[in-house]
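Hello,

Here is the structure I promised to pass on.

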Amino acid sequence: MRLRKKLFATFLLVPYAIGAIVAQPSLSGKNTVYIPGSELTLIGKLMPTTDRYARVDSLRYGGFTDFQRRNLNVTASGLALVFNTDSRNIYANFDYEFRNAMPNTTDIAIAGCDLYIRRDGKWLYAGSGVPSEKGEPVALVENMASGEKECLLYLPLRSIIREAYVGIDSGATITAAPNPFKHKIVFWGSSYTHGTSTSRAGIPYQLQFQRATGLDVCSLGVGGNSKLQQSYARVLADTDANAFVFDAFSNPSAAEIRERFDDFLKTIRTKHPSTPIIFQQTIHIGARNFNTRIEKSETEKMKTAEEVVRKAMETDPNIYMIYPEPDTDGYSCTDLLHPSDLGYANWMKSIRQPILDILSKYGITPSKR
């Protein structure tokens, strides 16, 4: 039987501090109780880690650079808390290890959170925001109707957190909910999979795919660093997955693809001999439209990616290649390289059915709920 908590307001005898569950005046003037995410269900993890909100236990694997080990591998991108609550107001706060900022991505996506609530079987956007740099919580949604809500709260894409806190009305209930998604589909890749240039933490294409299909997406985006390295191959090989989807060709050069692809695939196949692996061709970037040097390198890279995957498919029936929708005019490009929210939405829509068609061969089907 699931544990159900009822949290009551108490008189505030000590100052509010991260790490304590206390009653705190909310932004609306009402008392709010904050519960740590450690008491709620965390989804999106590839594997257990010493640090709850890290995606890779970097000390367990060799070969990572210091930046990968201390930053990329331990951001909370793709992780989410799931819970049920009858609170009419929901707030959030974070205890940051490192609060990041980037010029081409909103602060809400980089350091904030993104809340969805399920209604009639569909995940609907409920609110988003980022706690202040002074540690003040943010209101995600207020003045909701009474009744229990099933909630999905995505954590920051490019910041590192020690703990997340969910604020609810004093006297309201909150329950750690079971994972609403099924079949573990692991996405690995570049800054695209990491969510660069999105406006909110739930906008990366694979997280949109998660909500649209009901499949349990576990995401390992490592911006600028998905270059078919053995370090990441070993992590992926050790991951229990029903299927893999790789954005593997956006970061490496054509020479790196030719040099590393076979060994990368071999390492994963040692522990996943027949698990479906779906490679995505890299997308068309706006920077190549008039820059002849970039156009040449991107063309060579895409040609090489096509060649190595097609060659692998000749002997491995569980390897596939799919093609995200190209944006050749640049209307959904933000910074020469990365899609906007529209671009990521188009990306998801273009790969959704091809992936589902492939997964159906293995008995992996979307949730009907």
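**What I found**

Tyr-116 is buried, with a relative accessible area of 3%. Buried here means under 20% relative accessible area, with exposed over 50% and partly exposed in between (1.4 Å probe, protein chains only).

Before the rest, the ground rules. This is a predicted model, so to speak of local features pLDDT of at least 70 is needed, side-chain atom pairs count only at pLDDT 80 or more, and totals for chains, interfaces and linings use all residues. Residues are numbered from 1 along each chain as its sequence is written, and side-chain values use heavy atoms, with hydrogens and water left out.

**Around Tyr-116**

Tyr-116 sits in strand E7, residues 113–119. Helices (H or I, at least four residues) and strands (E, at least two) are DSSP runs, numbered from the N terminus. Contact means heavy atoms within 4.5 Å. Setting aside neighbours within four places in sequence, Tyr-116 is in contact with residues including Trp-123, Tyr-125, Glu-150, Cys-151, Arg-200, Gly-202 and Arg-211. Take Gly-202: it lies 86 residues from Tyr-116 in sequence, and 8.7 Å away in space, C-alpha to C-alpha.

The side chain of Tyr-116 also makes a polar contact with the side chain of Asp-114, at 2.7 Å. A polar contact is a pair of N or O atoms within 3.5 Å; within protein, one must be able to donate a hydrogen and the other to accept it, and residues adjacent in sequence count only if both atoms are side-chain atoms.

**Pro-180**

Pro-180 is in the loop between strand E12 (173–176) and E13. Pro-180 is buried at 14% relative accessible area. Beyond its neighbours within four places in sequence, Pro-180 is in contact with Val-82, Arg-118, Trp-123 and Glu-150. Thr-328 is 148 residues from Pro-180 in sequence and 36 Å from it in space, C-alpha to C-alpha.

**Two positive phi values**

Ser-197 is not a glycine, yet has a positive phi of about 80°. Ser-197 lies in the loop between helix H3 (191–194) and helix H4 (205–213). Its relative accessible area is 7%, so Ser-197 is buried.

Leu-228 is not a glycine either, and has a positive phi of about 60°. Its place is the loop between E14 and H5. Leu-228 is buried, at 2% relative accessible area.

**Helix H5 and its cover**

Is helix H5 enclosed or open? Six of the eight residues of H5 (residues 230–237) are buried, so this helix is largely enclosed by the rest of the structure. The buried residues are Ser-231, Tyr-232, Ala-233, Val-235, Leu-236 and Ala-237. Their cover includes helix H1 (66–70), strand E13 (182–189), strand E14 (215–221), strand E15 (243–247) and H6.

**Helix packing**

Two packed helices are described by the angle between their axes and the distance between the axes. Axes are lines fitted to C-alpha atoms, for helices over the stretch in contact, and angles run from 0 to 180 degrees between N-to-C directions. Angles under 35 degrees count as roughly parallel, over 145 as roughly antiparallel, 65 to 115 as roughly perpendicular and the rest as oblique.

- H5 and H6 pack at about 25°, with axes 8 Å apart. That makes H5 roughly parallel to H6. Gln-230, Ala-233, Arg-234, Leu-236 and Ala-237 of H5 meet Asp-263, Phe-264, Thr-267 and Ile-268 of H6.
- H6 (residues 254–269) and H7 also pack at about 25°, with axes 9 Å apart. H6 and H7 are therefore roughly parallel. Among the residues in this contact are Ile-257, Phe-261 and Leu-265 of H6 and Thr-304, Ala-305 and Val-308 of H7.
- H4 and helix H8 (residues 341–360) pack at about 55°, with axes 8 Å apart. That makes H4 oblique to H8. The residues that meet include Tyr-205, Phe-209 and Ala-212 in H4, and Tyr-344, Trp-347, Met-348 and Ile-351 in H8.

**One more in H7**

Glu-298 is in helix H7, residues 292–313. Is Glu-298 buried or exposed? At 8% relative accessibility, Glu-298 counts as buried. Leaving aside neighbours within four places in sequence, Glu-298 is in contact with Thr-282, Ile-283, Ile-285 and Arg-288.

Best wishes
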